[in-house]
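The following note sets out several points on the structure shown below. It is intended to be read with the coordinates at hand.

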Amino acid sequence: MPDQSVDVDEITMAFTTRINGINHSVDVDGDTPLLWVIRDVLGMTGTKFGCGRALCGACTVHMDGNPVRSCAIPIERVGDAAIVTIEAIGETPAGKNVQKAWLDLEVVQCGYCQSGQIMAATALLAANPNPNDDDITNAMSGNICRCGTYLRIRDAIKAAAQSLSPHIQNG
Amino acid sequence: MSLVPRSRFKAESGSLSRRTFLTASLAAGGGLLLTLKLPLSAWGAASGAGPVDLNAFVQIDPDGTVRLIMPYVEMGQGTYTSISMLIAEELEVDLSQVQYEHAPPNDKLYANPLIGFQMTGGSTAIRATWQPLREAGAAARMMLISAAALDWSVDETSCQAAKGEVIHLPSNRRLSYGQLAARAATLPVPDKVRLKDRKEFTLIGKPAKRLDAPAKVNGTAVFGIDAKIPGMKIATIAACPVFGGKLKSVDESKALAVKDVTQVVQLEDAVAVVAQHMGAAKKGLAALEIEWDEGRNATLSTADIVSQMEAASQKPGVIARNTGDVDKAMAGAKIKLDAIYQLPFLAHTTMEPINCTVHVKKDSCEIWVGTQVMTRAQSVAASITGLPPEKVTVHNHLLGGGFGRRLEVDFIGQAVKIATHVDGPVKVVWTREEDIQHDMYRPYFFDRISAGLDLDGMPVAWHHRITGSSILARFAPPAFKNGFDPDTVDGAVEPPYAFPNVLVDYVRHEPPGIPTAFWRSVGPSHTIFVVEGFIDELAAAAKKDPVEYRLALLKDVPRARAVLQLAAEKSGWGQDLPDRTGRGASVQSVFGTFMAQIAQVNVSNEGQVHVERVVCAVDCGIAVNPDTIKAQIQGAIIYGLTAALHGEITLKNGRVEQSNFDNYRALYINEVPNIDVHIVDSAEAPGGMGEPGTSALPPAIVNAIFAATGVRIRKLPIGKVAVKAG
């Protein structure tokens, strides 16, 4: 990828951010949280606003594969990191399996937090295809679901892990 | 919600026994259009906007699609799926053939017959649609069969409907519903329909996949906050931090200096910053120095409110029930107990923060929102803009949680006011801080309860006095009569137990400086905690096992007995547990559903409460979509547990002290117990399912803490109560 993150026009403070493999130029203040760039400036509404303070995980996206809370990442700190959102996560093996497990186990209720839950779960499985209960707890303990779908989230992550690596026993 | 009258010990609360009136007509495009005229329940007629002409619509298109206009909104409870199942079952179509669309706001056409206006809440949707939608499906099926029989010139009895087709059995000829719809529309609606026996159900009672799930796992589901209108601005708001206060002054220039901020809007009691995106709106709002006239609540604290309530609770209230002679029975009792139970103000914290998008034009107004009360959204906009209601269009969306918060239209009115100052559409989004500090709260309750026991330890007298806000008096004034609020006392007036002498009275006390509203499990969110906590105290005073004690008092209520016995059995009730670990029970009959829960709790020496397991047994009548029922109960238990452990809104200097999830806690995955749900097979009509799991949970927890430690907790949340060892 060519580096398009350096914009010569410092007065407008434009930023180029690579989201789901596509470069987007946005002209916003550098301290604008990535969340609002994604949702309001670019109109990709799958990523959700929940608390604005990285307390609930609804806004979770991947930044170079790591789950981050986009409400707490200023756009000026994104640089040329690759951002992936819920809209594209199904194109990864882990994301696809997580989404399928979510449907198979009927995880969702209101569904509002589930983009963030799925992004957190996918990052976990991409890094650790065979998580045990503690791994799941550690990876998912920043994501709030007020409908209380946690038990199914746990089961769905295990099911997704199983379908990703069927030869491995869940710990 | 217990806006619905109920009769003692019966689960048919608010059921519709009268026949649905159906009419058929030819739909545009050649389909069959069925309109349903539903009788309002007596309650619905009393509390609502007037008679309902036509209530729900089912249409069969020439391509065979069954279209359902859905007056009930989806906020996670699975209602789109369960209601679609009702029509599909009798119509003999696959669930995948049913499409639904949000109904527009119209109380005349889409009133909830149990409530009297177009509202989703109170666990009423299935109860309201159970009979009429199955009747509509059955009538349509019979008309389609008649149409086919006429076409083939054969006897109807030789035809059968299955999977969207009518089949002539002897010849195996088939016609699809789409082919038959236009002809069926010309036929008379049958006078009598035969509904399936439950043994014949092919959909009802079997887990069905949620129709709304696929869009909720790939980011395409559109909630109110996701509305995208060309030219739309984003606004965020600061209302006066003290309820009832007004805006004194604000220098707009600091916000206007922020890049992408376009406008500052001053309302009487709030300031909104309008921008190209929420990031700029928040930054602009943070830059403002706002002066408030805080008004008369400027020094108010929770302690002030509680002491007022305590004083109010000294005097008798409006009598909600008076059976036998409590005074006389109490005088003759061998053991007397009395206690004070208190429950805090609670916020809803739906995951989707409060938001509403509005475009006020010269002659009309458009609103994009997720609301449980479509027509109220329309009328509040009409009254603010001065437009006739029919000029206000409301586009309803998926709700990112409701829990009662989206039964209110305060934020819709506020957004409309802001929009009247903005050229073009504006989406008003509250921050989480605004959501928690300007919610409308589950009321604080201050209950006095006393009982007298006979020589055997069984209750001879029971007196429960409730003091707290009446939400109903504001929300549905016609339903609040002579000081009596049937919701606030629901669960207390008719506990399932055989008490010979019962007095329940209600002291309405509206707290100053804090608005109140319905919260998941509504009235019983408070009453069940008190009743089930206190019955446990009675059992302890009688030195009896708390489950056995309850069962002895439930001998005339077999469905309550059955769920309690089942939950006890599945929980291993009576089996030994480690030190400082205990089990606690609750049982209830509310929302037309019987439920028992057994919680298993460990309390550390330092007082840390760890809920290990909750076992729930439920008899909700016929379980329409059993997997959704389990999901609702799992979620409702976690909602109740969150409140029991942590939930508390407090005021200091008139301001809500909590602000976000760090100090108004939600449970995370690491704090969630194992939850086992057991559904009792039942032939009764369906009961409500969204609420019951929440009200049943907190008493089971405090009763388990008592079993584990001997400490009796009568005030929520538990978090601040010392249950340390020694």
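**Contact of two helices in chain B**

1. In this predicted model, Met143(B), Leu144(B), Ala147(B), Ala148(B) and Asp151(B) of H4(B) meet Tyr177(B), Leu180(B), Arg183(B) and Ala184(B) of H5(B). Sorted by class, the contact of H4(B) with H5(B) comprises seven nonpolar, no polar and two charged residues.

2. The axes of H4(B) and H5(B) are 9 Å apart, and the two helices pack at an angle of about 90 degrees. H4(B) is therefore roughly perpendicular to H5(B), given that angles of 65 to 115 degrees fall in that class.

3. Chain B also holds an open sheet of three strands, in the order S6-S7-S8 and with antiparallel pairing. Strands S6 (159–162) and S8 (173–176) of chain B each have a single partner strand and stand at the edges, so one side of each lacks a neighbour in the sheet. On average, and with direction ignored, neighbouring strands of this sheet are turned by 25 degrees against each other.

4. Strand S7 of chain B, residues 165–168, runs antiparallel to S8(B) and is joined to S8(B) by four bridges. Within this pairing, Val166(B) stands opposite Leu175(B) of S8(B).

5. Both helices of the first point also meet the sheet. Helix H4 of chain B (residues 125–152) lies across S6, S7 and S8 of chain B and runs at about 135 degrees to S6(B). Helix H5 of chain B (residues 177–184) packs on the sheet and touches S7 and S8 of chain B, its direction making about 70 degrees with that of S8(B).

6. Helix H12 of chain B (residues 410–419) is mostly covered, with eight of its ten residues buried. Among them are Phe411(B), Ile412(B) and Lys417(B).

Methods:
Residues numbered from 1 in each chain as written. Chains lettered and ligands numbered in written order. Predicted model: local features only at pLDDT ≥ 70, side-chain atom pairs only at ≥ 80, totals over all residues. Pairing = 2+ DSSP bridges. Axes fitted to C-alpha atoms, helices over the stretch in contact; angles between N-to-C directions. Contact = placed C-beta atoms within 7 Å. Buried ≥ 20, exposed ≤ 12 C-beta atoms within 10 Å, placed from the backbone. Parallel < 35°, antiparallel > 145°, perpendicular 65-115°, else oblique. Nonpolar A, V, L, I, M, F, W, Y, C, P; charged D, E, K, R; others polar.
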